[in-house]
Each structure stands twice: as structure tokens, then as C-alpha cells.
Amino acid sequence: MENTFDTIVIGSGPGGYVAAIRSAQLGKKVALIEKYPVLGGTCTNVGCIPSKALLDSSEHYHDATTKFNEFGIEITDITLNFPKFIQRKNEVVQSNNKGLEYLMKKNKIVVFEGVATFISKNQIKLKKDQGEEILAFHNAIIATGSKPASIKNITLDKDRIISSTEALSFRVQPKSMIIIGGGAIGVELASVYARIGTEITIIEYEDSLLPNMDKDLGKALFRKFKKDNIQVYLGAKVTSVQNLENRTLVKFINAHGQEEEKISDYTMLAVGRIPYTKNLGLKKIGIQTDNKGFVLTNEKLQTNIPNIYAIGDVIGGAMLAHKAEEEGTFVAETIDGQKPFLDHNSIPNVVYTWPEIASVGLTEQELTKKNIDFKTSKIPIAAFGRARAAGEKDGFVKVLAHPKYGEILGVHIFGPRAADIISLGVTALVYEITDLDMTNISYPHPSYTEAIKEAFLEVSGKGTINL
Ligand code: FAD
Ligand code: NAI
């Protein structure tokens with residue numbers, strides 16, 4: 001007899017597991033299908049969590065070797081135990097996997113390990129290690145995520161020409177690495193390995209690092225990377241990458257139109273990610289995708305088959321874990337007959353370099369392009385006691401607001417703890433709080449949030465106190 005569920009979720013990443021939990025909380029009989037033996041998807045296993053674990057470890061090492069002395073802490077003979085550096089990351093990932101298993105049990109979600117393929121508008125074929133099973137559903141949620149993209153004529157061989165997945169699990173620390181792409185993955189993994197002494201080169205096609213964010217952020221990061229001895233080529237076009245057995249050779253045309261070549265231990269491609277829909281059987285049941293393979297959905301995140309929804313990286317937009325999570329909750333509540341809130345324009349974007357980078361709303365370049373009037377303020381972090389106490393010299397908070405109404409249009413931060421501070425900007429944007437209103441609340445002293453308060457003070461026209 002067929003096993004029937006109210007909702008079947010395919011994929012256990014942040015989109016899928018949140019959708020499953022919220023559906024179960026709303027009283028549904030839920031199944032979650034994951035092809036890997038561990039839960040958590042890209043984010044937990046080869047994305048957000050392992051990269052942040054390595055970022056934190058490398059930051060401790062970097063601080064110990066370059067910063068502690070300034071604080072009167074003198075340590076000699078600091079060495080990096082690279083296998084332990086990687087092992088700790090694995091343990092962090094495993095503890096997250098266990099946490100997810102617990103949450104599935106707690107919420108009585110039935111977890112199936114295997115590959116899910118749609119065979120009709122109400123049935124999925126589950127292919128397990130041993131045998132197959134048919135599961136039936138009233139509603140299904142596709143949350144199958146994404147995989148690394150490549151570039152024309154370049155093969156990701158996973159040996160020397162690698163993606164972020166392999167770069168998170170080296171056995172031996174590379175002496176040098178070329179990173180193609182100066183987006184989120186490129187700059188985060190450049191930070192990890194440069195801090196522990198790997199020679200890093202970034203080759204970026206556009207004329208700025210993080211080209212999709214406010215240009216001031218990319219410029220500030222470029223200056224910081226220069227100080228950190230990371231070599232960055234902007235406006236450069238890679239023409240070939242060769243695996244030379246134990247090294248790689250990259251040929252590219254630099255911004256001046258000259259041909260250059262560079263040899264390194266590894267070359268990592270970080271040029272974006274593409275939707276993962278392999279084996280899903282979308283064509284068989286007629287689910288529409290766009291020309292890049294992203295599953296098409298309407299404003300309720302329904303596919304063209306009304307009882308099948310799609311969320312997260314597989315539908316495109318910002319490829320962020322918290323965007324996938326919000327969509328998971330949104331779809332579970334929509335299926336439950338509620339009218340949930342979801343605002344894609346106020347989803348923050350954070351990059352975990354040091355200082356951190358965080359952004360919400362429109363960039364200065366987007367406002368200019370859209371012909372929207374704006375006023376702006378830019379406050380240096382170094383002006384505040386908290387930053388001086390911590391020895392943090394780099395960074396700023398930039399606020400863009402409407403000149404007439406004081407509506408906050410964008411907040412862009414390059415600075416310590418930007419990932420946490422940005423939530424103030426998100427709140428202002430979602431609830432349309434004006435710049436003046438944001439100056440009327442109290443910000444703890446000393447804290448990095450004082451910089452955002454001063455940015456609101458300046459942009460509102462009230463004037464700064466500490467500058
Ligand atoms: P995924 O997390 O990709 O999960 C999809 C799951 O579906 C996978 O486990 C897959 O095995 C499974 N699956 C696919 N097809 C099938 C099938 N047919 N049957 C069964 N199972 C299937 N985002 C952030 O917000 N913050 C960060 O700090 C951050 N850091 C990142 C660092 C790196 C190196 C990378 C690569 C990404 C990072 N991201 C980060 C992006 C984030 O990982 C993704 O946006 C997020 O994982 C998307 O979630 P998802 O649920 O859509 O899909
Ligand atoms: P990305 O889209 O952020 O950056 C890709 C970069 O590669 C762009 O700057 C692009 O101009 C460049 N590029 C493209 N083709 C190129 C070429 N042929 N030569 C040189 N450069 C080229 O994609 P990335 O870094 O691969 O990350 C994938 C996704 O994962 C992103 O959408 C991001 O949102 C997510 N992610 C999020 C993180 C976070 O939230 N902290 C961390 C890491 C990834």
C-alpha cells in the first residue's frame with residue numbers, strides 16, 4: 001500500500017527542513033526526502049556552516065599571529081595544525097547534522113534517505129540504496145538547491161580544478177590557490193586561506209569585488225585585501241585553466257588587454273551556482289523551468305502544478321540560506337491556508353570577510369539607475385569607543401534615505417559585526433521606519449551599533465554627536 005503524506009518536502013537544506021518543521025507544527029503529516037545520509041543540504045554540509053567554522057578558526061590564528069602583540073599578549077612559536085583545523089570544521093558540521101536529526105524526531109517528520117523523482121502530480125518514486133518505494137502526497141515542496149557553476153571550456157575536475165566543496169576539505173594546506181570569481185564564495189575562502197599563509201590570487205571578470213553589492217563595499221574590501229597580500233585582478237577574462245597533475249595553469253586577459261598566466265597548487269571556481277533538478281522528473285510531469293533551469297513559481301511560490309511548490313536556491317533570486325528559510329515558512333503557512341508575509345526586497349546579504357560586509361535594500365548604483373532621489377551618510381567605525389577598544393580601524397556604515405520622506409532605502413556596512421548590526425536596517429526597511437525615528441531609539445554604549453545610529457543622525461539632518 002502507498003504511504004501517503006499531507007506534505008512531502010524534497011531536500012533537507014535550510015529551505016526544506018524549515019518547510020518541513022513549519023508544516024509539522026501546523027499539524028500536517030510530513031515526509032522529508034534527502035538523497036544524502038546526512039541532513040542540512042549545501043548550507044550545513046558544504047556551505048554556510050563549514051565556511052564559517054574555517055573563517056572563525058583562521059581569524060583566531062590570524063589574530064594570534066598579527067594582532068595579539070598590540071594587546072600585550074606575547075606568544076611565541078604559534079603553529080597551525082592543519083588536519084585539526086579541518087577536523088574541527090567537520091565536528092561543527094556533524095553537531096549541526098545531529099541537531100537536525102533531533103528536530104526531525106521532535107516534530108515527528110518522517111525522513112527518507114533516497115532520490116525523489118515525481119511520477120505524477122501526487123506521487124513520488126523514492127529510489128533508495130536498496131529498492132524503490134512510491135510515496136503519495138497532497139502537496140509537495142521542491143527544495144533541491146543548487147550546485148557550483150563552471151565556465152565555458154573549463155572542467156571542474158575536483159582534483160586540482162575545484163569548487164568550494166573541495167576547498168573546504170583539503171588534506172594538506174595549499175601553498176597557493178587561484179580563485180576565479182570575486183563574489184561571496186571567492187572572497188570568503190580567499191580570507192580563510194590568506195589568513196593562514198596560502199598565497200591567494202583572485203581573478204574577477206567585473207570591475208569590482210562583490211559586483212552585485214554597493215560599490216563602496218567592493219572598493220573597501222579591495223583595499224583590505226591588498227593589505228592582507230591577496231592579489232586581485234579586476235576586469236580580467238580567464239581563457240583557460242589546465243590541470244598540470246600537481247599544479248594548475250590559468251591563462252587570462254587582464255584589464256589592460258594583456259595576456260597573463262599564473263601557476264598555483266589549485267584553482268577554485270566560484271562563479272555562481274546553478275539550480276539542481278537532476279532526477280526530479282520535472283519534465284515528465286510538466287513542471288516549468290526558465291532558460292537557466294530555475295523552477296518557475298508564482299507569488300505564492302507555486303509551480304504551474306498548483307499542489308507543487310518550490311523554494312530556495314532552485315527557484316533563483318538571492319541564493320541565501322535565510323531566504324530559503326523564509327520561503328520554507330511562507331509555503332508551509334500558505335498550504336495551511338494562511339496569508340503569510342514575505343518581502344524579498346528586505347532580505348539582508350552578508351559576506352563573512354573581516355571586517356564583515358552586510359547590506360539590505362537598494363545600492364547607490366541601483367537608486368541612480370532607477371532615478372530615485374536619495375540622500376546619503378557614511379560614518380567611519382573607527383570613530384567609536386568600541387572599535388578603538390577592539391583595535392578595529394577599518395569600516396563604515398552607509399545609509400541611503402529618501403530626501404523628502406526620510407524612508408530608509410538601503411543600508412550598507414563594512415565593519416566588525418556587520419552581520420548582526422544589519423538587522424537594524426532590515427527592521428527599518430520592513431516597517432518603513434524613517435531616518436528620524438531610527439535616531440529616537442537608544443543604542444548601547446559602547447557598541448558597534450553606535451555607528452549606525454550616527455549614520456541615521458547624519459542622513460536625517462539632525463547632525464552627528466561623535467564626529
Ligand atoms: P540546499 O541547501 O542546496 O539543499 C538541497 C538538498 O536537496 C541537498 O541536500 C540535496 O542533496 C537534496 N536533493 C537534491 N535533489 C534531490 C532529490 N531528487 N531527492 C532527494 N534529495 C535531493 N548562505 C547564507 O545565507 N549564508 C552563508 O554564510 C552562506 N555561505 C555559503 C558558503 C558556501 C561555500 C556555499 C556553497 C553556499 C553558501 N550559502 C550561504 C548559500 C546557502 O548554502 C544556500 O543558499 C542554501 O543552502 C540553499 O538552501 P536550499 O534549501 O535551497 O538548498
Ligand atoms: P556570486 O554570484 O556571489 O559571485 C560570482 C562572481 O564570479 C561574480 O563576481 C562574477 O562577476 C564572477 N564571475 C562570473 N564569471 C566569471 C568568469 N568567467 N571569470 C571571472 N569571474 C567571473 O557566486 P559565488 O561566489 O559562486 O556564490 C554562489 C552563491 O552562494 C551566491 O549567490 C551567494 O549568495 C551564496 N553564498 C553566500 C554566502 C553568504 O551569504 N555569506 C557565502 C558564500 C556563498
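Student: Which atom of Ala184 lies 3.3 Å from an oxygen atom of ligand 2?

Tutor: One from the backbone. A backbone N or O atom of Ala184 sits 3.3 Å from that ligand oxygen. Keep in mind that this model is predicted. To read such a contact, look for N or O atoms that pair within 3.5 Å.

Student: What lies 2.8 Å from a nitrogen atom of ligand 2?

Tutor: A polar side-chain atom of Glu188. Tyr205 takes part through its backbone: one of its polar backbone atoms is 3.2 Å from a nitrogen atom of ligand 2. On its own, ligand 2 has 840 Å² of accessible area, and the protein covers 79% of it.

Student: Which residues come nearest to ligand 2?

Tutor: The residues around a ligand make up its shell. Here there are 24 of them, and Ile185, Glu188, Glu204, Gly272 and Val350 come nearest. Sort the shell by class next. You get 14 nonpolar, 5 polar and 5 charged residues.

Student: Which element gives the most to the shell around ligand 2?

Tutor: Helix H6, with 4 residues. H6 spans 184-195. Strand E18, at 349-351, also supplies at least two residues.

Student: Now ligand 1. How many residues surround ligand 1, and which are the closest?

Tutor: The count is 39. Glu34, Thr42, Lys52, Asp313 and Ala321 are the closest. By class, this shell holds 18 nonpolar, 16 polar and 5 charged residues.

Student: Which atom of Thr42 lies 2.6 Å from an oxygen atom of ligand 1?

Tutor: A polar side-chain atom. Cys43 uses its backbone instead: an N or O atom there is 3.3 Å from an oxygen atom of ligand 1. Ala116 also uses a backbone N or O atom, 3.0 Å from a nitrogen atom of the ligand. The protein covers 94% of the 1,000 Å² of accessible area that ligand 1 has on its own.

Student: Where does the largest share of the shell around ligand 1 come from?

Tutor: From helix H2, with 4 residues. H2 runs over 41-46. Other elements supply at least two residues each, among them helix H1 (14-25), strand E2 (30-34), strand E4 (115-120) and helix H9 (321-335).

Student: On to pockets. What volume does the second largest pocket have?

Tutor: A pocket is an open space, so trace its volume and then its lining. The second largest pocket has a volume of about 930 Å³. Its lining has 34 residues, with His62, Asp63, Lys67, Trp354 and Glu392 closest to the centre. The classes are 11 nonpolar, 7 polar and 16 charged.

Student: Which helix gives the most to that lining?

Tutor: H3, with 9 residues. H3 spans 48-66. H6, H7 (215-227) and H11 (385-390) each supply at least two residues as well.

Student: What should I look for in the backbone itself?

Tutor: Look for exceptions. Most peptide bonds are trans, and most residues other than glycine have a negative phi.

Student: Which residues does a cis peptide bond join?

Tutor: One such bond joins Trp354 and Pro355, with omega about -5°. Pro355 is in the loop between E18 and strand E19 (356-361). Another cis bond joins His445 and Pro446, where omega is about -10°. Pro446 falls in the loop between helix H13 (435-439) and helix H14 (449-460).

Student: Which residue has a positive phi although it is not a glycine?

Tutor: Asn229, at about 65°. Find Asn229 in the loop between H7 and strand E11 (231-233).

Key:
Residues are numbered from 1 along each chain as its sequence is written. Chains are lettered from A and ligands numbered from 1 in the order in which they are written. This is a predicted model: local features need pLDDT of at least 70, side-chain atom pairs count only at pLDDT 80 or more; totals for chains, interfaces and linings use all residues. Side-chain values use heavy atoms; hydrogens and water are left out. A residue is near a molecule or strand if one of its heavy atoms lies within 4 Å of it. A polar contact is a pair of N or O atoms within 3.5 Å; within protein, one must be able to donate a hydrogen and the other to accept it, and residues adjacent in sequence count only if both atoms are side-chain atoms. Accessible areas come from the Shrake-Rupley method with a 1.4 Å probe; for residues, only the protein chains shown count as cover. Ala, Val, Leu, Ile, Met, Phe, Trp, Tyr, Cys and Pro count as nonpolar, Asp, Glu, Lys and Arg as charged, and the others, Gly among them, as polar. On a 1 Å grid over the protein atoms alone, a cavity is a set of points where a 1.4 Å probe fits but cannot get out, and a pocket is an open set with protein on both sides within 12 Å along at least five of seven lines; lining residues have an atom within 4 Å of a point. Grid points are joined across faces, edges and corners, and a volume is the space filled by probe spheres set on the points.
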